[in-house]
Each structure stands twice: as C-alpha cells, then as structure tokens.
Amino acid sequence: MDENMEEDASYQQLIMDDHNHNNWEADAYQPHHHNRHQHHHTHHHAELTLPESGGMSQTQQDPKELLHHLSANGEERGPAAHREPEPMTSKVTLNINTSASKFLMNVITAEDYQRTYWPRLDSAIDQLLTQSPGDCIPISYEQIYSCVYKCVCQQHSEQMYCDLITKITSHLRRISEELQVSCPDAYIERFNAALSQYMGALQSIVPLFIYMNKFYIETKLNRDLRDDLIKLFTEQVAEKHVPTLMPLLIEAQSTPFKITPSIMANIVKGLYTLRPDWAQLAPSLFSKFIPNILPPAMESKLSEYAAEDQKLQRELIQNGFARGDQSRKRAGEELIFNGSSSSSSS
C-alpha cells in the first residue's frame, strides 16, 4: 500500500510538472469570466426598483426621468438595458472544453513515439556514444531533454527505457567484436579508448534521461540509470575481455614505459569501478593506483619487504638502470670545496 501511495504521489507531481511545462494557461479565461460576472452583478443591481407604497408606480414615471436615472447609473439607454444576464453555465462549459482540447492536442500516441520522438533520441544517442572525448557534437540538449520529458508525461517511459537499453547493448556488442580482432600490441590502447569513450558518453546520456530515471527507473524498478548502463558495459565488454586484458597489463607493468602511465591508471581505475573484485586478480598492479588493496604492513614481515626491495633494485640494474654515485656529496661539490681552500691559503 505504501508503494502504491508513493507511485500515486510521484504521478501527481509529474502531472503538475507537465501542466507547468506545457503552459496550458487554463486559467486565462478566469479574469474575463470574473469581470463578466461583476458586470452582470452590477447590471443586476442597476435595475429599477418599485417605489414604496404611496409613491408613483414604475409605469407612471415620466420617461425623461427614467432615461435620466439610467444615464446616472452608467448603464446604456433604451430597451437593451432591460436584457437579462446570460447564464454562467455555458461559459464554464466553454472553459472546460477549451482546456480539454488543449490537452488532447498534446497527446503522444505510440505511433507518434515510434515515428517522431524515438528517432530523435536514437540519433542523439548515436552521436554521444561515438564522439571522441572533448569533441562538441551538433545536437540540442534542450530539445532532447524536452523530448524525453514529454514522453515520460505521456506514459512512454517503459518503452523508452527498453529502446535505450537495446540501443546501447547493440553498440557495446559491436565494440566487443572490434576488440576481439585487435592485435596484442594495440589491444590495451583500444580497450582504454572504448572505456574512456563510453564513460564520457554516460556523462551526457544520464542527465538527458533524468526524468525517466526519476519517475520510472527509481520509482518502479528501484534502480538507477547510471548503474544499469555501467552494468551493460561490464557484461557486454569487460567480462569478455578481462581474461585477455589482465595478463597484458601485468606484462606491461614489468616492462617500463611499454604503455604510458596515464593509460595504465585509467584502465585499472575503470576496471575497479566496474567490478571491485577484479582487484584480486592482480593485487600488486591494482595497489599502485587504488589505495587499501593490499593488506596493511606487519612488523614481523619487515625482512620480507626489504628482500623484495633488494630484488627490485637488482632487476632495475639488469635492465640498464645504473645506481649512480652513492656518496652523500653532490657532483662537483668536492671540486668547489678544494678551490675555495686553495684560494684562502694563498
């Protein structure tokens, strides 16, 4: 019962938002109606009253005095002044019919959604999913936002959500197929490009569908649009390529500068965002970019830590990294000191 009450409250709020968004101005007739009512009210009180007993009757009054009395009260002269006020029922009915006709003009049928509204959204989503980071695409965010809003107000949220998921799923499957045919040397860079492009697109897609997320996904599905779209990338791309990607990342870590540190950091952080449990596949690799991956240091294992450091230093020397001068003096410091000593002795 509480869920139904929450859904009713959300629906009522959405209908009130739609009333303000479309600016029907159903109350635009009210001031005119009020003035007309005041006019009839004044006209009604301006009618002539019968004289008290003993006075002259209305039919016995002088016509000139009668016209003078009407002119003094600000009413029109002649027989038109004796017309009865028009009934108010017809005016109220006209007001209601006008509002209803304006509402019917804004109805979006299922055919309108499929032929007009979804093609606009489909084209905008295509551009957002394929744009390069930092590019400016020629779409109107205001029009797309308004299009989503109207579809939600006309009860097309479920169909729009299904179309959005189907659209993005098809795009991700195509990305996954392209990664499968990539050569190992370019595999890491291409996976990083696909991950960065998709995460950048979500920053625009999620805000554009905020009304659908608020009044359908969160209310009826008890989920969030961003979480659903991240889960799509995890299922359609990442889970299929992590078995191939992880050994390449570990190998690149052992070979200095095989890939740039920024690409390595972006991939590792992205994988951790998709599924934090993937950090257990390569703890030493993830610990370089994600805090608190490895267990805390223990005093009893200090000798093991020292041995690992010495092993790393030997590997660096074997790969051509010289240790350099290990003395505490900087290069040229001794020459400067000897020169100053000889000058002072002379």
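1. In which loop is the place of Gln 155? Gln 155 sits in the loop between helix 6 (141-153) and helix 7 (157-180), where helices are DSSP runs of H or I with at least four residues, numbered from the N terminus. The model is a predicted one, in which local features need pLDDT of at least 70 and side-chain atom pairs count only at pLDDT 80 or more, while totals for chains, interfaces and linings use all residues. Residues are numbered from 1 along each chain as its sequence is written, and side-chain values use heavy atoms, with hydrogens and water left out.

2. Although Gln 155 is not a glycine, it has a positive phi of about 65°. Its relative accessibility of 48% makes Gln 155 partly exposed (buried is under 20% relative accessible area, exposed over 50%, partly exposed in between, with a 1.4 Å probe and protein chains only).

3. Asn 222, in the loop between helix 9 (210-221) and helix 10 (225-254), likewise is a residue other than glycine with a positive phi, near 55°. At 63% relative accessibility, Asn 222 counts as exposed.

4. The largest pocket has a volume of about 1100 Å³; a pocket is an open set of points on a 1 Å grid over the protein atoms alone, where a 1.4 Å probe fits, with protein on both sides within 12 Å along at least five of seven lines, and lining residues have an atom within 4 Å of a point. The volume is the space filled by probe spheres set on the points, which are joined across faces, edges and corners. Of its 30 lining residues, those closest to the centre are Gln 253, Ser 284, Ser 287, Lys 288 and Leu 312.

5. Helix 13 supplies the largest share of this lining, seven residues.

Note on methods. Helices (H or I, at least four residues) and strands (E, at least two) are DSSP runs, numbered from the N terminus.
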